[in-house]
Amino acid sequence: MCIEKTPWEQVIDFHGHTCPEIALGYRVAQIAMRELGIKPTPSAELMVTAQTHSCALDAFQILNHATFGRGALNVEENKQHKYLFAYSGTSVRVGITILPEILEHLVIPENLATRREIQNATLEAIQFILSSDETVFCTIQKDEHQ
């Protein structure tokens, strides 16, 4: 029997492990698709620009089909969790900026003594990122450039 994997499972399989930044990317990818809506034309391609190189990018490759190889995923490194999503050939853009309270959960404390403590802290961070209210998670800026 073949069981289809959930989007979360697909992202984790591609990335290789669970971590807070992959949870962040998973959530950002979903928000971006909701805000952009339906693909405007069959030939339109989703373009993503990230302002930091992080694990979150793997979620965009799986969920948004924006890959480095096709030139649809670009990084302009300035170490900020800001992401810009836009379909090629359109003027609609969605910018998503992660808020400071969320960023605090991306780093697991170094003073944890056991593997179990590290696993628990990681799971708590992932749960916080995936379940926090969107108003605490990010700001969303949707605009059209003429």
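Axes here are lines fitted to C-alpha atoms, for helices over the stretch in contact, and angles between them run from 0 to 180 degrees. Keep in mind that this is a predicted model.

**View 1. Helix H1 crosses helix H3 at roughly 125 degrees.** H1 covers residues 7–15 and H3 covers residues 56–63, and their axes come within 9 Å. Angles from 65 to 115 degrees count as roughly perpendicular and those over 145 as roughly antiparallel, so H1 and H3 end up oblique to each other. As for handedness, this crossing is right-handed.

**View 2. Here are the residues where H1 and H3 meet.** H1 brings Pro 7, Gln 10, Val 11, Phe 14 and His 15. On the H3 side you'll find Asp 58, Ala 59, Gln 61, Ile 62 and Leu 63. Sort the residues of this H1–H3 contact by type and you get 6 nonpolar, 3 polar and 1 charged.

**View 3. Now look at H1 with helix H2, which spans residues 20–36.** The axes of H1 and H2 come within 11 Å and cross at roughly 135 degrees. That angle makes H1 oblique to H2. H1 goes past H2 in a right-handed crossing.

**View 4. Zoom in on the residues that make the contact between H1 and H2.** From H1 come Pro 7, Trp 8, Val 11, Ile 12 and His 15. H2 answers with Ile 22, Ala 23 and Tyr 26. The tally for the H1–H2 contact is 7 nonpolar, 1 polar and no charged residues.

Note on methods
Residues numbered from 1 in each chain as written. Predicted model: local features only at pLDDT ≥ 70, side-chain atom pairs only at ≥ 80, totals over all residues. Heavy atoms only, no water. Helix = DSSP H or I, 4+ residues; strand = E, 2+ residues; numbered from the N terminus. Parallel < 35°, antiparallel > 145°, perpendicular 65-115°, else oblique. Left-handed = near helix turned anticlockwise from the far one by under 90°. Contact = heavy atoms within 4.5 Å. Nonpolar A, V, L, I, M, F, W, Y, C, P; charged D, E, K, R; others polar.
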